[in-house]
Structures are given as structure tokens and as C-alpha cells.
Amino acid sequence: MPAPTATDREQKRHTMSEQKTTRSVSVVGLGPMGQAMVRALLAAGVEVTVWNRSTGKVDAMVELGAKRAATVAEALDANEVTVLSLTHYAAMYEVLSQATDHLAGKVIANLSSDSPEKARAGAAWVRSHGAQFISGGVMSAGDNIAHPASYIFYSGPRDVFEAHAELLRPLSPQEYLGEDDGLAQVFYQALLTIFHPWLLAFDQATAVIERSGHDIAQFVPFAIRSSEAFPYFMTEFSAANMAGGWADLASLKMMDAGAQHIIDASEEVGVDATFSHTAQAYWRKAVAASEQAGKAVSTYELIRGAQAAEV
């Protein structure tokens, strides 16, 4: 067999180069998350076309190697798949309504945040214009989608997800949840439900440290060490909640007292303890409900709601 010539090698390199750039996608919405997605896709050798209301963000992505779309229609026409990274689903309607006649035959992957019902309604709207749809919820460390803890929930038709999973893989590890268009947002919003109070609690805790005249940096290692017990509590309380929730009247009263100690420690140094007052109100509500019912009533039952319990 003759050795490959220089021309053969050059042709092979050209073919391989073409293969690397055959993967292509459009990204609409260039906030911090959208920009992070564009960078990740470009780094993976994916050809990216971008559109955003403000051209400055488009310019920055074009400098990195992305292609510019002057209009939403142009972004849709450029590729089969368009990823949306917008503030909410209302923005999707506002943006795509500019080019509904360009949706037929396309695939919309909406990775924007919103409620599950709004995701389901958005999916129906997109399909009514002849496009396919999958939804996603981006669980990331801020806009650091390359962080080891980052991943993306997906839901919608399995065949649509599987057909385009490889193209979207550079955005973060994927967790496909099921056919329900709203399911990605159910899980995504549930995790944010945990994150938001934690963030406020951490602000309050570090404010107490600082206002008490001590070093936040000295405190943080202990906060991290304490957080290592969180998986244990999640496992224990999830099992309890599946059985109706953890409840013991004496323990509920102890939590009420503990909340008061947190309030006192915060307010003594001038730190806003509104968040702790809210937590205490739930413990007290559970104590009152337990005493009225003659049996322990969990905060889970109260938060879940009687109507949900009857379903």
C-alpha cells in the first residue's frame, strides 16, 4: 500500500476540519449564562450563531468566533437547533414572535427559568408554530457552567432530547427527567427553593460575625464543615417527609426556642433577623397545630398544605 502523499494528508486534515465544524447551533439571549454557553460551545468546536437585543454583547461573542445574526429570523434560519437563554418565558414569546414564520421544522431548547406551567404553555406555543421543543433548567455555580457541580435538567419528548443531546453536551452534564415539558422546571425550582433561603441565611450569619467584631474568613471553614452534615439531614428528612413529615411536640418547641436565640444574637448586634422570625413563625405554627390536633403536626404538612394532602 503506497504511503500517503502530502496532498492526501492535507485532504484528510481538511475533511477532519470540516467534520469538526459541521455541528452548529444558534444561541438567543446573551446574558452572563448565554455568554457562558457560547464560550463552552465554541471551545467544543461547535459553530455558534448569536442574537441579542443589545449588540455590544453580540460583538463580544463575535470576537470569540461566533457568527452574528442581525435578526431573530436570521438566527433561526442559521441552524436546526436554537438555544434560548432568557430571563423568563415571557421573553421567549417577545423574541420568537418576531419570526414565527421561521419556526417550522426547527428545534427550540429553552434553558430559561420559569414556572413548570409556563414551561408547558411555552412548549405548546412553540409546537403550534411547527417547531419541536425541549426545556431545561441550568443548575450551575452562578454562570460557571464548567464547575464540577454544574449540570442541566432536561425534559420534553425523549426522542427530541436524544437527537440533540450530543450537540448540547458541551453546555454541562445532562440529566434527562422525562416527557413532561414542565418537569425540568419542577426540579430546578425545587433546588432553587433550597438555595435562596440558604443564601439569605448565610448573609445573616456572616453579618452577625462581622457586626460582633470578628473575622468572616475565620468563620467560613466552620460553615463549610457544618454543611457536610446537610446530606445526612436531607436523607433523613426526605424519608420523614415521604411519611408525612418529621414531628415531635417537644422538638418543635425546642426549634422555636432555638430560633429565638438566633433572633436575639442577630438583633443584639443590629443585624436584620426577618428571615429567622419567618422560620420561627413556622415552628410556632406547628406547635399550635399540634396542640390543637392532639398529635404532632410537622412543618412539612403545614407547608405542603391541606389541599395537596387531599389529592
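A crossover is right-handed if, with the strands pointing away from the viewer, the path from the first strand over the helix to the second runs clockwise. The views below come from a predicted model.

**View 1. β5, α6 and β6 form a right-handed β-α-β unit.** The strands β5 and β6 run parallel and are joined by four bridges. Ala 109 sits opposite Ile 134 of β6. Helix α6, residues 116-128, lies across β5 (107-110) and β6 (132-139). The angle between α6 and β6 is about 145 degrees.

**View 2. The open sheet has eight strands.** Their order is β3-β2-β1-β4-β5-β6-β7-β8, with mixed pairing.

**View 3. β1 pairs with β2 in the parallel sense.** Five bridges link residues 24-28 of β1 with residues 47-51 of β2. Ser 24 faces Glu 47 of β2.

**View 4. β6 pairs with β7 in the antiparallel sense.** Five bridges connect β6 to β7, residues 151-155. Met 139 has Tyr 151 of β7 as its bridge partner. Buried here means under 20% relative accessible area. Seven of the eight residues of β6 are buried, so the strand is largely enclosed by the rest of the structure.

**View 5. The largest nonpolar core holds 32 residues.** Val 50 and Tyr 154 have the most contacts inside this core. Helix α2 (residues 32-43) gives the most to it, six residues. A second, separate core has 22 residues, including Val 28, Ala 75, Leu 84 and Ala 131. In soluble globular proteins, nonpolar side chains tend to be buried together.

How values were computed
Residues numbered from 1 in each chain as written. Predicted model: local features only at pLDDT ≥ 70, side-chain atom pairs only at ≥ 80, totals over all residues. Heavy atoms only, no water. Pairing = 2+ DSSP bridges. Helix = DSSP H or I, 4+ residues; strand = E, 2+ residues; numbered from the N terminus. Contact = heavy atoms within 4.5 Å. Axes fitted to C-alpha atoms, helices over the stretch in contact; angles between N-to-C directions. Core = buried A, V, L, I, M, F, W, Y, C linked by side-chain atoms within 4.5 Å. Buried < 20%, exposed > 50% of the residue type's maximum accessible area, 1.4 Å probe, protein only.
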